[in-house]
Amino acid sequence: MPAVSVIIPVYKVEPYMARCARSLFGQTLDDIEFLFIDDCSPDRSIDVMREVLAEFPARKEQVTVFRTPRNSGQAAVRMQGIALARGEYVIHCDSDDYVDVDAYATLYGKAKAEDLDIVTCDFTVEQDGRALEQVRGECTSVARMLEGKERWSLVCRMIRRTLCEGITAPVADMGEDMVISVQALMKARRIGHVDQPLYHYCLRENSFTRRKSREDRVARRDSLMNNARLLIGLLEDRYGYTGDEPELVRFKYKCREVLTPLVHIPDYFRRWKETFPEVDRKVLSSRAFSLEEKCWFALIHLRLYHPVKRITGWFRNHRRSDS
């Protein structure tokens with residue numbers, strides 16, 4: 001059994017694959033397996049990976065390529081990788097990103113030293129080779145994750161593989177990390193964090209999460225809503241949530257905020273209210289929400305959220321330029 005299984009979804013990433021593969025095969029951790037899940041990619045992504053692999057002959061036996069029968073999307077690919085994994089721990093790496101050379105040795109070393117079920121790290125957001133910001137990837141509780149105070153991304157989270165056994169698969173490709181992460185976190189006993197940005201998240205304009213057409217925005221909205229409904233059902237049916245917990249109410253509220261550009265889609269509010277009909281009352285009556293949050297909530301319902309955001313942003317920038 002390898003120490004770590006790295007799951008790498010592959011679809012239309014030919015320009016980025018060499019960088020990703022080189023960062024993976026160059027890892028200082030020797031006891032590792034790499035699971036490339038080819039989601040029927042129509043380009044040379046897998047060929048490029050194999051060309052890089054030729055530079056690392058010692059890694060050849062550690063690499064598995066699984067081609068899906070049909071293009072099935074990120075959520076299904078992640079679950080396929082988990083099903084194939086044999087490692088003591090599993091972690092995901094998106095094939096348009098890359099990792100530090102000692103990332104997995106550092107995470108695994110901490111997991112073993114402290115008997116952790118989950119160990120996380122920070123990550124750097126980059127665009128065109130330029131670092132934009134460093135993001136904390138720590139996770140400490142389901143409540144903080146639901147409230148949006150902590151990230152649910154799988155790429156900066158090494159999870160004991162047994163925690164992934166029997167989890168319910170996400171049903172769509174937006175928020176799939178959320179569904180998997182929360183279920184694993186509900187099972188975890190001990191969680192730790194490495195305070196280093198070991199992962200490099202690279203923005204690209206043609207990725208699913210950044211496409212701006214109406215059709216793409218509708219697809220992201222529906223994906224997020226479907227996974228949110230699934231997760232809420234799991235929390236209530238399997239983990240004893242009643243639905244009145246402040247973090248769960250806030251999560252339903254945040255489901256709209258996450259994709260704020262979607263307010264320009266005419267049926268967005270109708271669909272959201274059909275999904276979470278009780279949130280209006282609970283947000284306005286709950287002491288868990290600050291006055292500021294309730295004011296933003298009211299602005300959203302009055303369709304004034306974006307104009308006010310733009311105005312306050314302009315004043316903030318204007319003050320900075322004057323100082």
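1. β6 (118-127) and β7 (residues 130-135) pair in the antiparallel sense over five bridges; strands are DSSP E runs of at least two residues, numbered from the N terminus, and pairing needs at least two DSSP bridges. The two form a hairpin with two residues between them, and D128 in the turn has a positive phi of about 55°.

2. Before going on, please note that this is a predicted model, where local features need pLDDT of at least 70 and side-chain atom pairs pLDDT 80 or more, while totals for chains, interfaces and linings use all residues. Residues are numbered from 1 along each chain as its sequence is written, and side-chain values use heavy atoms, without hydrogens or water.

3. With β8 (residues 157-160) β6 pairs in the antiparallel sense over three bridges, V119 bridging to M158. Ten of the ten β6 residues are buried (under 20% relative accessible area, 1.4 Å probe, protein chains only).

4. Do look at the aromatic residues. F25 and F34 pair edge-to-face, at 5.3 Å centre to centre and 85° between the planes (the cut-offs are ring centres within 6.5 Å and planes over 60 degrees apart). F25 counts as buried because its relative accessibility is 2%; F34 is buried at 0%. Together with F36 and F56 they form one aromatic cluster.

5. Finally, L24: beyond neighbours within four places in sequence, its contacts include V6, I8, F34 and Y104 (heavy atoms within 4.5 Å).

Conventions:
Rings of Phe, Tyr and Trp (its six-membered ring) pair if their centres lie within 6.5 Å; planes under 30 degrees apart count as stacked, over 60 as edge-to-face and the rest as tilted. Buried means under 20% relative accessible area, exposed over 50%, partly exposed in between (1.4 Å probe, protein chains only). Helices (H or I, at least four residues) and strands (E, at least two) are DSSP runs, numbered from the N terminus.
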